[in-house]
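Hi,

Here is the structure I promised to pass on.

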Amino acid sequence: MTVDYIDNIIVQIAKSQRGGVKVAVPKRRTSKTRRDKRRASSYRLNRMSFVECPNCHEPMLPHRVCPSCGYYKGKEIIEAE
C-alpha cells in the first residue's frame with residue numbers, strides 16, 4: 001500500500017466522523033410557565049364518576065355497595081338504616 005492511499009483513507013474517516021449524527025436542538029429555552037403547564041397534566045386528579053343505584057335511585061360510586069340502601073347487583077349486602 002502506498003502512503004497516498006493510507007492518507008486518503010485517514011482523510012475519509014476524519015470527514016465521516018466530523019459529519020456525525022444530526023440531533024434536534026431546541027431554538028429557544030423552554031420557559032418555566034410552559035414547562036410547568038406541561039408537567040401539570042400528570043398531577044391533575046380525575047373526576048369521580050357516579051352512577052344511579054338501580055334499587056333506590058341515589059347517586060353512588062360504580063362497582064360498590066350503595067351506602068343509602070345497602071344493595072349491590074340486586075342483592076342486599078349490608079343492612080342500611
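Of the 81 residues in the protein chain, 6% count as buried (under 20% relative accessible area; exposed is over 50%, and partly exposed lies in between, with a 1.4 Å probe and protein chains only). Please keep in mind that this is a predicted model, where local features need pLDDT of at least 70, side-chain atom pairs count only at pLDDT 80 or more, and totals for chains, interfaces and linings use all residues. Residues are numbered from 1 along each chain as its sequence is written, and side-chain values use heavy atoms, leaving out hydrogens and water.

The protein chain has two helices and four strands, in the order α-α-β-β-β-β from the N terminus. Here helices (H or I, at least four residues) and strands (E, at least two) are DSSP runs, numbered from the N terminus. Among contacts (heavy atoms within 4.5 Å) between residues at least 6 apart in sequence, 0% join residues at least 24 apart.

Now to the cysteines. There are zero disulfides in the structure, a disulfide being a pair of cysteine sulfur atoms within 2.5 Å. For C53, the nearest cysteine sulfur belongs to C56 and is 3.7 Å away. C53 counts as buried because its relative accessible area is 2%. C66 is in no disulfide either, with the sulfur of C56 as its nearest cysteine sulfur at 3.6 Å. At 0% relative accessible area, C66 is buried too.

Finally, Y5 sits in helix α1, which covers residues 3-19. Its relative accessibility is 45%, so Y5 counts as partly exposed.

Happy exploring!
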